[in-house]
Each structure stands twice: as structure tokens, then as C-alpha cells.
Amino acid sequence: MEPELLSKTGRVFFRGVAMKAGVIINPSAGARRPEAEWQRIEALLRDRFRDPAICRTTGPGDAARLAREMSADAFDLIIAIGGDGTISETVDGILQAGVTMRPALGIISAGTGCDFARTAGVADTLEGQIERIATSQGR
């Protein structure tokens with residue numbers, strides 16, 4: 001598999017094509033960040049990924065539904081922002097989509113415990129987490 005390429009703007013490309021990225025945000029995760037913080041996170045993602053589809057959950061099951069829809073719409077990457085529950089729902093949605101080419105999963109830790117993120121070695125800072133997703137070659 002060829003490594004991803006970064007354009008001069010820093011946006012993420014794979015094999016010369018801009019990645020279709022979706023973002024699932026659970027605004028109720030963790031300490032319930034203020035709106036200004038969510039807007040900052042969204043701005044950082046827009047700087048790194050070309051026109052990401054950014055969606056916020058409003059209740060249980062939303063992350064799974066959004067991940068199924070994004071998978072069916074041939075997204076290359078789905079970024080889950082939240083805690084362990086949001087990550088779990090997102091993975092479930094990707095697996096339930098029944099597509100042959102599953103999107104890659106990026107995780108931005110925003111929960112209170114974040115056990116999965118800590119175990120998986122997710123970076124400590126928001127910028128570090130976004131950079132790792134943007135430059136990852138996958139597993």
C-alpha cells in the first residue's frame with residue numbers, strides 16, 4: 001500500500017486523491033466541552049482534511065447510524081470524537097454497514113475515562129491526535 005501524501009496545504013491525500021473523511025462528534029462526551037472548543041476542533045479538522053462531513057450525535061445509537069451511512073457512502077476515513085461508548089458505536093456501525101471496502105477509523109479522545117484511547121496509544125494533545133490520524137498509513 002502506498003503511503004498517504006500531504007499537499008502543500010497539509011491536507012491529506014491517498015494515491016493523489018483527497019480522502020473523503022467523515023467526523024462523528026459526541027458533544028456530550030467527557031466534561032462537555034464549551035461550544036468554542038468544539039468549533040476549534042472542527043476548524044483544525046477542516047484545515048487537515050478536504051471538506052470533511054462533520055456530524056454531531058444527539059443520543060444513543062447516533063454514532064452507529066452515522067458510521068453505517070458514511071461507510072455505505074464510501075468514506076475513506078471516519079474519525080470518532082468522544083469516549084469509549086462513541087468509539088464502540090462507531091466501530092459497530094462500520095462493521096454493520098456490510099461494505100467490502102471499510103473506511104479507516106481515526107480516534108480523537110474526548111471522554112472522561114478514555115480507556116480504549118489510552119490502551120491504543122492515542123496521542124495526548126488534540127493536535128497530536130489529528131496529526132497522527134492525518135499521517136497514519138493504517139494497520
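Leaving aside its neighbours within four places in sequence, which residues is Leu77 in contact with? Select Leu77 and look around: the list is Met19, Lys20, Ala21, Gly22, Phe49, Pro103, Ala104, Leu105, Gly106 and Ile133. Contact here means heavy atoms within 4.5 Å.

Before you go on, a word about what is on your screen. This is a predicted model, where local features need pLDDT of at least 70 and side-chain atom pairs count only at pLDDT 80 or more, while totals for chains, interfaces and linings use all residues. Residues are numbered from 1 along each chain as its sequence is written, and side-chain values use heavy atoms, with hydrogens and water left out.

**Stop 1: the whole chain**

Switch to a cartoon view. Of the 139 residues, 40% are buried, meaning under 20% relative accessible area with a 1.4 Å probe, protein chains only.

**Stop 2: the sheet**

Now colour S5, S4, S6 and S7. In that order, these four strands form an open sheet with parallel pairing. The edges are S5 (53–56) and S7 (104–109), each of which pairs on one side only. Two strands count as paired if DSSP finds at least two bridges between them. On average, neighbouring strands here are turned by 20 degrees against each other, direction ignored; the axes are lines fitted to C-alpha atoms, for helices over the stretch in contact, and angles run from 0 to 180 degrees between N-to-C directions.

**Stop 3: strand S4**

Select residues 21–25. Five bridges join S4 to S6 (residues 77–82), and four join S4 to S5. Click on Val23: it stands opposite Ile79 in S6, and its bridge partner in S5 is Ile54. Next, Ile24 stands opposite Ala80 in S6.

Is S4 largely enclosed or open? Five of its five residues are buried, so S4 is largely enclosed by the rest of the structure. Ala21, Val23 and Ile25 are on one side, Gly22 and Ile24 on the other, and both faces are covered.

**Stop 4: helix H3**

Select residues 84–96. H3 has 13 residues and spans 18 Å from first C-alpha to last, close to the 18 Å expected at 1.5 Å a residue; that expectation is 1.5 Å times one less than the number of residues. Thr86, Ile87, Thr90, Gly93 and Ile94 are its buried residues. They sit on the same side of H3 because they cover an arc of only 130 degrees around the axis, judged by the directions from the helix axis to the C-beta atoms. H3 lies across S4, S6 and S7, at about 155 degrees to S6. Just past its end, look for Gly98, which takes a positive phi of about 70 degrees.

**Stop 5: helix H5 and the cores**

Select residues 126–135. H5 lies across S6 and S7, running at about 175 degrees to S7.

Finally, show side chains. A nonpolar core is a set of buried Ala, Val, Leu, Ile, Met, Phe, Trp, Tyr and Cys residues joined through side-chain atoms within 4.5 Å. The largest one has 17 residues, and Leu45, Phe49, Leu77, Ile79, Ile81 and Ile108 touch the most other members. The largest share, four residues, comes from H5. A second, separate core of eight residues includes Leu66, Ala67, Ile78 and Ile94.

Key:
Helix = DSSP H or I, 4+ residues; strand = E, 2+ residues; numbered from the N terminus. Buried < 20%, exposed > 50% of the residue type's maximum accessible area, 1.4 Å probe, protein only.
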